[in-house]
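Here is a short report on a predicted model. Keep the structure open while reading.

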Amino acid sequence: MLPSATTVGFVPGERNVFFHILTACNLSCRHCYINPDQHGRTTLPRATMERWIELFARPGQPSNMIFLGGEPTLHPDLAHGIARAKACGFNVTVDSNGYLFHDLLDRTSPELLDYLSFSLDGPDAAVNDPIRGKGVFEVCTVNLRRAVARGFAVSVIYTVSALNIDHLERMVELLAELGVRRFFIQVIGLRGKPAQDGAICKPGGEETQWQVSPDQWLGVVPEVARQAANAGIHVTYPKVFLDRSETFECAGLVADNFFIFPNGRVYRCPLCEDYPIHALRIEEDRLLVNKGLTEDRFFTLNIAEGCVMNKLLQPHTIPYDAHGIPQSRISCCLLKQEIRPPLR
Ligand code: SF4
Ligand code: SF4
């Protein structure tokens with residue numbers, strides 16, 4: 001029997017710090033969510049990066065630090081940041097596009113870096129490279145193999161969109177062959193480039209919606225996740241739709257998440273990142289609360305559709321019946337489901 005999914009509830013008291021240490025990147029993925037007009041173009045100086053890590057550290061409290069960019073390995077002091085975060089008590093992850101600049105594997109270790117995540121949006125170059133760039137699949141998988149061989153715990157992130165959902169099932173064989181034991185499936189969000197392009201992408205000049213329908217998502221993702229788990233891979237994917245019996249919770253109210261950008265903006269909700277409504281900011285290395293119409297004002301609104309930011313930003317994703325009643329509620333984008341491999 002194939003294993004089944006469980007919902008991963010928000011863990012009270014657990015702190016997740018998503019730290020964008022720069023916005024520069026060597027790639028220009030079609031669906032890039034980075035928005036330099038909103039997030040700045042700064043590469044944080046080493047000393048600032050260190051002070052901001054310390055600002056969010058809570059020794060004794062379960063805490064995760066995820067280093068992001070842009071491409072975080074372009075930062076010459078990433079290895080230093082990893083070591084500092086570890087010393088401050090964080091579990092440390094780096095999310096990379098796979099290029100691993102500045103000899104990252106030589107400059108850090110599996111003891112300091114708990115997870116090294118590689119982004120792949122297809123099981124081969126024919127699917128991945130039209131989305132992420134020519135030659136990217138080759139570089140990413142070569143470096144992934146090097147990381148596995150060096151003993152790093154490696155995971156893969158796959159962003160599901162209309163361009164690659166039909167190829168998701170072939171990832172299972174690839175991940176098993178690469179020796180990857182952790183797989184994160186994400187859903188394309190309307191942030192950054194997809195939002196600026198009106199949710200339309202143009203593969204081969206033909207216009208297509210980026211987003212997949214609820215039927216496509218539910219018809220493909222849970223089944224592929226089950227198959228991956230059966231192949232020994234621990235899979236995590238967004239919940240997206242809540243069953244009638246499930247309680248809606250907004251992570252902005254019940255979880256301790258921080259999305260930090262190099263211009264000092266600190267968001268509590270990733271869906272808000274294209275807008276200057278961040279709840280917090282860092283000024284002179286202090287964390288300050290913003291006043292006015294900030295994202296946290298929205299978190300308390302209780303609506304039939306579930307997530308209020310989804311309703312505001314992507315209302316077309318919500319199906320309604322003939323009486324205008326939403327057919328399903330949209331969960332918090334940070335609520336996940338997971339399937340663990342069966343015990344053998
Ligand atoms: S690797 Fe990440 S930051 Fe770079 S272009 Fe792609 S999505 Fe954007
Ligand atoms: S995605 Fe929706 S539910 Fe989750 S933190 Fe943002 S506003 Fe709240």
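## Paired strands

Two strands count as paired if DSSP finds at least two bridges between them. Strands β12 (residues 256-260) and β13 (residues 265-267) meet that condition, with 2 bridges in the antiparallel sense. Within this pair, F259 has Y267 in β13 as its bridge partner. The two strands form a hairpin with 4 residues between them. In that hairpin, G264 takes a positive phi near 95 degrees.

Strand β12 has another partner. It is joined to β2 (residues 15-20) by 5 bridges, and these two strands run parallel. Here V17 stands opposite F258 in β12. In a regular strand, side chains alternate between the two faces of the sheet.

G70 sits in the loop between β3 (63-68) and α3 (78-87).

## The shell of ligand 2

Ligand 2 is surrounded by 13 residues. The closest are C250, C269, C307, M309 and C332. Helix α12 gives the most, with 3 residues.

How does the shell divide by type, and what is the count for nonpolar, polar and charged residues? The shell holds 11 nonpolar and 2 polar residues, and no charged residue.

## Helix α9

Helix α9 covers residues 214-230. Its 17 residues should span 24 Å at 1.5 Å a residue.

The buried residues of α9 are V221, V224, A225, A228 and A229. They cover an arc of only 135 degrees around the axis, so they lie on the same side of α9. An α-helix has 3.6 residues a turn, so residues three or four places apart point the same way. On the other side of α9, D215 and G219 are exposed.

What do the buried residues of α9 pack against? Their partners are the strands β6 (154-160), β7 (182-187), β10 (234-238) and β17 (336-339), together with helix α7 (171-178). Just after α9, G232 takes a positive phi of about 95 degrees.

## Positive phi outside glycine

D103 is not a glycine, yet its phi is positive, at about 50 degrees. Its place is the loop between β4 (91-96) and α4 (104-107). Is D103 buried or exposed? D103 has 10 C-beta neighbours inside 10 Å, so D103 counts as exposed.

D285 is another residue other than glycine with a positive phi, here near 65 degrees. D285 lies in the loop between β14 (280-283) and β15 (286-289). With 12 other C-beta atoms within 10 Å, D285 is exposed.

Definitions and conventions: Residues are numbered from 1 along each chain as its sequence is written. Chains are lettered from A and ligands numbered from 1 in the order in which they are written. This is a predicted model: local features need pLDDT of at least 70, side-chain atom pairs count only at pLDDT 80 or more; totals for chains, interfaces and linings use all residues. A residue is near a molecule or strand if its C-beta atom, placed from the backbone, lies within 6 Å of it. Ala, Val, Leu, Ile, Met, Phe, Trp, Tyr, Cys and Pro count as nonpolar, Asp, Glu, Lys and Arg as charged, and the others, Gly among them, as polar. The expected span of a helix is 1.5 Å times one less than its number of residues. A residue is buried if 20 or more other C-beta atoms lie within 10 Å of its own, exposed if 12 or fewer, and partly exposed in between; C-beta atoms are placed from the backbone. The arc is that of the directions from the helix axis to the C-beta atoms. Two residues are in contact if their C-beta atoms, placed from the backbone, lie within 7 Å.
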